[in-house]
Structure formats: C-alpha cells, structure tokens
Amino acid sequence: MQHKTQLTLSFLLSQVLLLACAEDLECTPGFQQKVFYIEQRFKFTEDQPILNLVFDDCKGNNKLNFEVSNPDFKVEHDGSLVALKNVSEAGRALFVHARSEHAEDMAEILIVGANEKHGALKEIFKIEGNLGIPRQKRAILATPILIPENQRPPFPRLVGKVINSEGTEGAKFRLSGKGVDQDPKGIFRINEISGDVSVTRPLDREAIANYELEVEVTDLSGKIIDGPVSLDISVIDQNDNRPMFKEGPYIGHVMEGSPTGTTVMRMTAFDADDASTDNALLRYNILKQTPTKPSPNMFYIDPEKGDIVTVVSPVLLDRETMETPKYELVIEAKDMGGHDVGLTGTATATILIDDKNDHPPEFTKKEFQATVKEGVTGVIVNLTVGDRDDPATGAWRAVYTIINGNPGQSFEIHTNPQTNEGMLSVVKPLDYEISAFHTLLIKVENEDPLIPDIAYGPSSTATVQITVEDVNEGPVFHPNPMTVTKQENIPIGSIVLTVNATDPDTLQHQTIRYSVYKDPASWLEINPTNGTVATTAILDRESPYVQDNKYTALFLAIDSGNPPATGTGTLHITLEDVNDNVPSLYPTLAKVCDDAKDLRVVVLGASDKDLHPNTDPFKFELSKQSGPEKLWRITKLNNTHAQVVLLQNLKKANYNIPISVTDSGKPPLTNNTELKLQVCSCKKSRMDCSASDALHISMTLILLSLFSLFCKSFP
C-alpha cells in the first residue's frame, strides 16, 4: 500500500511539473524532468521501485551511468530509483547524477513526510487545498511555475501556460513585471493567443530566485478585460556554486601542552546556493597536515561546525620537541552534505603552537672568571645561559640579579637583548689596595613566571670570580680643588700655600715631585720637592686672567713609578682689591653751537677698575680757569656723574677744559684729564666744527695762561 501511494503521488507531481516545465518537441539532452517530489510515510523498502527517471542524451544513451548522493539508493539502467536496503530516514533530498558519452545532468528528488505533504505542496505551488486547481476569483488561471536554473539551449523554452476560462473571442494575454518589461527585460514572454509562457535564456537563482509577474487579458484594442492576476515563477536551485572561504587568512593559536580536545579555531565557508537545500549543506574535512610529525593527525575538524580541535595528548603537543611550532592544514568544505557529488572549496589554516614557560634558564657553567684593572669601569664578562623556550617571548628572555658579594654596589648586570647573555659591568672603579678579589653570586630568571609544575634549580645560579689588577695610579691632591685668598699687589716671592698630594699605591713606596702645569699669567712657581707655591710677579686683580676676582692655576704631582703616573691639582686664588687704579672720565669730547641757548654742554661720567669702597662716590673739580672771566663750571649730579655748563657763548674754536676726578679709596687716587670742547657754527641744522681758527684760539689761551702765571708771580 505504501509503495502504491508513493508511486501515485510521484506520478501526480510529475504530471504537474511536466505542465510547468514542458520542453519543446525537439530532443533536449539530459533529464526530461529535473525535480521530483516523493512521500515517505514509514520507510523505503529494499529493491522496491520508488520512481522512474528519464534521461536522454539524444544519441542513444551509450555508456549511461547513474550516481546517487545517498549510498543507500541506486538507479537501475531503466531509470528506476530503488533502495539497496530498508531505509527509514533518507534525509530531505536525493541527487542523481547521470552521465553518458555525450551528455550529463543532475536531477533532484525532494522527500516530503506524510504530515508535510499538503503544506509543502501548498508552499511550492501556492495553492489551497490538496493537488486541485487553484481557486481564482477571476477567469484567468495562472498556476505557479517552477524552472530549474542553468538550463541548456535551445531557447526559448515552454515553461507553463495561462488559461482564460471564459475563452472570450479576440482576447489577448499580456504579461508584465520584472523579467518582462522591467529590468532584467525580456527573460519571459507569453503567447498572446495561447497563453504559453516561455523563458528566453538560462536563469540564475543566486541572482534572482523569484519573479512576480502579472497577467492581463485585453481585447483587440488593448483594453483590459480581466486581471491583472499574479503569476509567480520560482527558480529551482542547482548545485552550481562551490563553497568559498572568504575570511582568510586563517591563523589559530594553541598553547603547548593543552588538553586533548582543545578548540583552536573555527573555519567557516560560504555557499551561494539555496541554504534550505543540500546544495549549500557544507561538511568540513582536513585534507592535509604539514608537517606530519609527531603525529599525522594532530588535529580534527568538526564536519558540521568547522571547529578545529587538538586530538593528540598534551605530551605530544610539546613545542620544544616539535620539528616546527607551525602547522598548516588544508581544509576542504564540500556541499551536498559532504557526498561525493558535492562541490568543494579549500583553504589553508595555519596553527601556531604557543610557548609557555616550562623550561627555566640555566647557566652554561657554574663558575665564571673575570679580570679587571683597578680604576676601570665597563663590561668585564658575559654570562651565558641556555633556555629551550621560544626566543621571541618572555619565557626565554633572561633577568639577572646579583644576590651576594656586591655591598658597595660596584657591579651591575644587564641582559643583552640579542644574545640573552648577562653583561656584568664595573660601575664604580675598584681599588686594588682595598681588595684584590671579589666573588659574586648571580641568579637568572625569566621575565615570565614559570608554570606551576616547574621551579628554578641549582643551574639557575652561578659564581663569578673577579681578580683586580694593580696599576700605577697617579698621586691625589688633598684637597682638590685648593682655595686661598690673597691681596693683590703682594710682594714678589710671597708664599701662597703649600700643596699636598699622596700616592694611592701605598704598597709601592714611591716619591712625588711637583711642577706647574698651567699658570696663564706666569705669576706662580712651585717647589718640586715640598710643593710650596710662591709668587713670581705682582698679582693683579684687574688682569684679564682673573675672572670674578679668582685666578686659577693647575699643578702636577708626578710619582716615581715606571712609567710615572701623574695627578692634577687645581688652585683657586681669590684676590682682594686694593686702590691701585685711578678713575677714568668719559666722554672726552663735547660739541656745542656758538649761538646755543642751552649752555649745558655735556654730562660726564667716571668709572674705576677697583672694587667698592675704592670707587665712587667720585669728586669732580675744574682746574683753575685763566683770564679775567670764568668761561665754565662743573656741577655734580650724583656719585658717578657731573655736568659741564658754559657761563657764556663762546666763539667758534676748540677748547681744552682741565678736570680732575678723585675716587673714595684710602688713600684716594686722582686723575687729572682734559675735556675737549668744540664750539661750532650752526646754520640750518648743520653743525660746522672745522678748526680753521684753532691756532688763533690756542695762541690766545697760551697768552692767557702766561698772563695768569705772571700775575701769580707779582701779587
């Protein structure tokens, strides 16, 4: 009974689809029907025909062969589909691939359960009720059409028919919508008399899966008699798209020693075919693993999810024993649920085995030797270690610590980032006379902590024996620099101080001699035996060799070693000021117009090289003026300045005004000088100071001076 029901339903569906997908009368190579619907109530019985498939390559079907996607089924030479055993669950679809010498094609068999029959057919054909004719309120009967994608020529192909039940004379069918008179235009057309619907070229479901058209009936004038009525055309998916991996590159990481079953990464492929069919039902598989050691099957991929997981024991997942910490897997995604007829796509997954700190660093030897000369700093030895962890991680990078033997902090150790060696350095000069040997205890650790089961052992510590070599060190001045205060102008031969230098090489019992190294003004000498410094010239505080009242000289202390060593001492002499410089006057030249109304000629200033109190306040005075009339006077403005004023206008000439300026030192010093005054003619803002009358004026001044002297002689 079950078998009869299946055959009846298969026959009925075949007839409906033949109406929807009718071919031209000419032979078309391939399956004459490409889509079948069968009902499975309980199970498919072994060797019982299920349905009949018709394949024709139009040239005799020579060497015709059928392949079924489910290995529990086969197709006989006559086209009968049978089960090879009793099958209770066959999935949602079967795919049959046929190939002969001249053609090949694919047929799809959709399996519908008993309780799904009415709903499935209603969804496919969009009809109400069972397999009856759709109820239409209008006279136009437009049954939904199913068309497989990728049909072969010739075109156009008859795919369906629209019926006008009223059969109005002269009525014409008119088809419109996307695919007819809207882009993409011209895919479908209708015979305006018979209502036959044709497709003009192959369809691509991945581009457009459904076309919603409208059918109208018009009279000869084009007036609509009936309609519009919807005509739905669905494109049946064919397996014409390979799975694709779009999200690469695919790189995963897994920690070494991870438990079996640890998820590394997920691979996901995309198939453009209908996701509700097996055409897009993907299954994943590992095709190749490189390298193949320590096991050719290090990883497994979940065929449905695409999750890659480890399948070896944690012991084998040891980065340090692997040929390489990088594995490459060629992953295949196959549609059709992974069956042989499915299309495939591949991608490469790169898996990196990450390092964890499971190997402590170990010194290559327990004791290192180093030799360093006293007084020298810098790297004295490189400590080498071995570590089996990844050099690019903190599990390999070493950190060194001096844990004993460095109380004076004379040593430091740093890591060489390229070699991971410990660079032991002297940072404070060592003294052979204090200690000729040093012993350091050094430990090494990683930047990253060790995993809980691993600990640092004895090999992570080492001893460094350091020998200090004696060198002939130069004598040392005490103190250095040396400072002394002396008054300038002390007598030549005066003792400044006696320097003191000692030899650090106390075990060598050497003698020391002294010499002058730098004496910029050549003012000093030193006794070579006892270090007494004396003057050889007058010390002048105002000398250009003195800066900020301080004179600096350098002396050498030379020992008797072979070769001799030298020490340098610095002497700073602070010079106290004495009043040994007369004040100077500025300016020494002034000009005035012969008809000037403002007779204030010039403001004079005074300066002194000495220091206070041997400088200002200065005293300004005019020497005694000659002649019956006084021509000028000087008036003090402040401690450092005075003003010269004419008492009347003078004729154009050059005049010398005698002026004395005295400082406030004890005893005070006076500078007698002259201010040169030029009386010029001034016209139209031009000052003419030519000295054409200078000789005459000078003679007048000479006569006046002689007359003054004569008057003093005879009162």
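Which two cysteines have their sulfur atoms 1.8 Å apart? The last legend names them.

This is a predicted model: local features need pLDDT of at least 70, side-chain atom pairs count only at pLDDT 80 or more, and totals for chains, interfaces and linings use all residues. Residues are numbered from 1 along each chain as its sequence is written, and side-chain values use heavy atoms, with hydrogens and water left out.

**View 1. Four strands make an open sheet with mixed pairing.**
The order is β11-β17-β16-β13. Strands here are DSSP runs (E, at least two residues), numbered from the N terminus. Two strands pair if DSSP finds at least two bridges between them. β11 (145-148) and β13 (172-176) stand at the edges. Each has a single partner strand, so one side of each is left without a neighbour in the sheet. Neighbouring strands of this sheet are turned by 30° against each other on average, direction ignored. The axes behind that angle are lines fitted to C-alpha atoms, and angles run from 0 to 180 degrees between N-to-C directions.

**View 2. Strands β16 and β17 run antiparallel.**
β16 covers residues 210-218, and β17 covers residues 224-236. Eight bridges join them.

**View 3. K63 and E101 meet in a salt bridge.**
Side chains of opposite charge can pair when their charged atoms come close. A salt bridge here is a side-chain nitrogen of Lys or Arg within 4 Å of a carboxyl oxygen of Asp or Glu. The whole structure has 20 of them. For K63 and E101, the N to O distance is 3.6 Å. This pair links distant parts of the chain, 38 residues apart. K63 sits in the loop between β4 (55-56) and β5 (65-68), and E101 in the loop between β8 (93-99) and β9 (104-113). Relative accessible area sorts residues into buried (under 20%), exposed (over 50%) and partly exposed (in between), using a 1.4 Å probe and protein chains only. K63 is exposed at 62%, while E101 is partly exposed at 43%.

**View 4. The side chains of D72 and K85 form a salt bridge.**
Their N to O distance is 3.7 Å. D72 lies in the loop between β5 and β6 (73-75), and K85 in the loop between β7 (80-83) and β8. The two residues are 13 residues apart. D72 is partly exposed, with a relative accessible area of 22%. K85 is also partly exposed, at 43%.

R266 is partly exposed, with a relative accessible area of 48%. D307 counts as buried, at 17%. Elsewhere, salt bridges that share partners join R205, E206 and D237 into one network.

**View 5. The structure holds two disulfides.**
A disulfide is a pair of cysteine sulfur atoms within 2.5 Å. One joins C593 to C682, with an S to S distance of 1.9 Å. The torsion about its S-S bond is about -85°, so this disulfide is left-handed. C593 lies in β44 (589-593) and C682 in β50 (670-683), so the pair ties together parts that are 89 residues apart in sequence. C680 and C689 form a disulfide with sulfur atoms 1.8 Å apart. Its torsion is about 105°, so the disulfide of C680 and C689 is right-handed. C680 counts as buried, at 0% relative accessibility.
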